[in-house]
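I opened the notebook to look up a few local features.

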Amino acid sequence: SGLVLLGITAEKDRNKLQQFALKQGLSYPILIGDRKIFKEYKVGGVPDIYYIDAEGKVIARDVGFKPEAEKDMESQIKRLLDMSNLLD
């Protein structure tokens, strides 16, 4: 489907990051970000989720935790996949 999921964190301690990922059951790559990347994307909360289309354009963003986050993520991912299927 071409879906890529990446995490970016400010946590510099790789051991803490690995323990967090294991505890949360995260199976996708998590990159260690720096001030430049957080400034470029205007990170304003945790989590700060960006949905980026195949051309690299940010098409949606969710900032901060909310109870309905899982449903919102599922909806946005389905929308992105539907958009990419239209291009095929």
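I worked on a predicted model, where local features need pLDDT of at least 70, side-chain atom pairs count only at pLDDT 80 or more, and totals for chains, interfaces and linings use all residues. Residues are numbered from 1 along each chain as its sequence is written, and side-chain values use heavy atoms, with hydrogens and water left out.

Helix α1. I took helices (H or I, at least four residues) and strands (E, at least two) as DSSP runs, numbered from the N terminus. Asp13 caps the N-terminal end of α1, residues 14-24, with a side-chain oxygen 2.9 Å from the backbone nitrogen of Asn15. Gly25 follows α1 and has a positive phi near 70°.

I counted strands as paired if DSSP finds at least two bridges between them. β3 (residues 48-52) and β4 (residues 58-63) are antiparallel, with five bridges. Ile52 stands opposite Val58. Five residues lie between the two strands of this hairpin, and Gly56 in the turn has a positive phi of about 90°.

Thr9. I found Thr9 in β1, residues 7-9. Beyond four places in sequence, the contacts of Thr9 (heavy atoms within 4.5 Å) include Leu17, Ile30 and Phe38.

Pro47. I placed Pro47 in the loop between α2 (35-40) and β3. Its C-alpha lies 6.1 Å from that of Val63, 16 residues away in sequence.

Terms used
A polar contact is a pair of N or O atoms within 3.5 Å; within protein, one must be able to donate a hydrogen and the other to accept it, and residues adjacent in sequence count only if both atoms are side-chain atoms.
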